[in-house]
Amino acid sequence: MFEQGHPKLDLIRAYQILNSYRPQASLSPSYIDLTECPYMWPYCSQPIYYGGMPTIVNVTILNGMGVTGRIVDKPIWQPYLPQNGDHIDVAVSYSPVLWPWAGYLAVSISVAKKAASWEGIAQGHVMVTVASPAEND
């Protein structure tokens, strides 16, 4: 994650995608999986635990809808309860304005007190809404 960057560009495939592209916001990385090694190294080398320092992962928000945009409301952590999502606390900080074309979402992950003696994998998602003005605005 810190060393490899994005993969090589396939020009033919990029052209095909651009021909059918509908403007949208996207995230890079598109998901955070702290168990995925070696991509998420060094995060994957040490499990998080109650009382430990939060793990902070920075995500780039790419705004394909326009040069400027904004985050509508605060991003929300939505735990998947059957997948133990309530066993972690997630806080976010973010750039309210996306300019030019991008912004950031810093995701802070820590273990909830109720999971102090629990061991396992917790899942959920962060929901963020991006608004971008119309081209002629």
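**Before you click**

Number residues from 1 along each chain as its sequence is written. Because the model is predicted, local features need pLDDT of at least 70 and side-chain atom pairs count only at pLDDT 80 or more, while totals for chains, interfaces and linings use all residues; side-chain values use heavy atoms, leaving out hydrogens and water.

**Whole chain**

Start with everything shown as a cartoon. The C-alpha trace spans about 55 × 35 × 25 Å along its principal axes.

Areas come from the Shrake-Rupley method with a 1.4 Å probe, and for residues only the protein chains shown count as cover. Of the 137 residues, 24% are buried (under 20% relative accessible area; exposed is over 50%, partly exposed in between). Among contacts (heavy atoms within 4.5 Å) with a separation of 6 or more, 73% join residues 24 or more positions apart.

**The three-stranded sheet**

Now select 69-79, 97-98 and 124-131. That gives you an open antiparallel sheet in the order E5-E3-E7. E5 (97-98) and E7 (124-131) are the edge strands, each pairing on one side only. Strands count as paired if DSSP finds at least two bridges between them; E3 (residues 69-79) and E5 have 2 bridges. Zoom in on Gly69, and you'll see Leu98 of E5 opposite.

**A nonpolar patch**

Next, pick Val67, Val97, Trp99 and Trp101, which make a nonpolar surface patch of about 450 Å². Patch residues have over 30% relative accessible area and no salt bridge; nonpolar side chains (Val, Leu, Ile, Met, Phe, Trp, Tyr) are joined within 5 Å, like charges within 9 Å. Val67 sits in the loop between E2 (55-63) and E3 and is partly exposed at 36%.

**The salt bridge**

The cut-off is a Lys or Arg side-chain nitrogen within 4 Å of an Asp or Glu carboxyl oxygen. Asp86 is in the E3-E4 loop and Lys114 in the E6-E7 loop, so the pair ties together parts 28 residues apart in sequence. Asp86 is partly exposed at 26%, whereas Lys114 is exposed at 56%.

How values were computed: Helix = DSSP H or I, 4+ residues; strand = E, 2+ residues; numbered from the N terminus. Buried < 20%, exposed > 50% of the residue type's maximum accessible area, 1.4 Å probe, protein only.
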